[in-house]
Amino acid sequence: MSIFRKKRINKSLTNAVFGRNVVHTTVCDSTNELAKRKRYMPHGTLFISDMQTAGKGRNGRVWESEKKSGIYMSLLLKPNISPDKISQITLVAGLAVCRAVGCNTMIKWPNDVVIGKRKVCGILTERVEDAVICGIGINANTKSFPQELSDKATSLYIETGEKQDRDYICALIMNEFEQLYDVFEKEGFVSLRDEYTKLCVNIGRQVSLTDSRGTINAVACGVSDDGELIVKTNEGIEIVNAGEVSVRGIYGYI
Ligand code: BTN
């Protein structure tokens, strides 16, 4: 089984590094955890699994990872960038997913890929020593979601009515990610800012910002050169850092 997925990904790669080395498992706890354990492997190694028993989302949440319906992948990176820029890799990954998947995908800053008002992909970037692991989970062939999630989550299958080729999508993401990452490493997020901003679904909308001090309402008005959200509050313009604040729409999830 494993050799087939590797070969199927490989045949659609047009790049040089990302995903050229693939570790595939039928089941693992979390591809992010697997990548952490194997972080001695080369830059650009892709870890994929048919299912995860302990898929992780942001802020300690669980990422439901049932067998074969989703894409569960983590890319191992050894970045040549200053540590304060590492959180921006999440934004680069979101852009890569939108480019690769199409389907009118947009980004809910910083790291959710959405179609319309519903989330189709989540990204979790983690760092251990000199390794960065960028985990991407995509609802690919999920046929339906439980009632309580159905207005917040969607899948590529639900949106298109077509069964998705998960390996082909993985390869397309690797191709786009490598190209974007090269620009990011050489020139910084600033060179990707305009494309990101156009895809950022929050811009011009009211958002509620929650941090350790509480929640305030604001209007998102842009994305900074370093990938922070620029918002207008009653106090004036503020710059919001992804690591410190959680952002939600005031009217629903977006
Ligand atoms: C989020 O939106 O909260 C982030 C979800 C990230 C899920 C992916 S699935 C592949 C990788 N392995 C994990 O355990 N998490 C990420």
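I started with T233 and found it in strand β10, residues 229-233. (Strands are DSSP runs of E with at least two residues, helices are runs of H or I with at least four, and both are numbered from the N terminus.) This is a predicted model, where local features need pLDDT of at least 70, side-chain atom pairs count only at pLDDT 80 or more, and totals for chains, interfaces and linings use all residues. Residues are numbered from 1 along each chain as its sequence is written, and side-chain values use heavy atoms, leaving out hydrogens and water.

Is T233 buried or exposed? I got a relative accessible area of 11%, so T233 is buried (under 20%; exposed is over 50%, partly exposed in between, with a 1.4 Å probe and protein chains only). Next I looked up contacts (heavy atoms within 4.5 Å). Skipping neighbours within four places in sequence, T233 touches I216, N217, A218 and E238.

**The sheet**

I then traced an open sheet of five strands, in the order β11-β10-β9-β8-β12, with antiparallel pairing. Its edge strands are β11 (236-240) and β12 (246-249), each pairing on one side only. Two strands pair if DSSP finds at least two bridges between them. For β8 (residues 206-211) and β9 (residues 214-223), I noted six bridges in the antiparallel sense. I also looked up L209, and its bridge partner in β9 is I216.

**Helix α5**

Last stop was α5, residues 166-187, with 22 residues. From first C-alpha to last I read 31 Å, close to the expected 32 Å (1.5 Å times one less than the number of residues). After α5 comes G188, with a positive phi near 95°.
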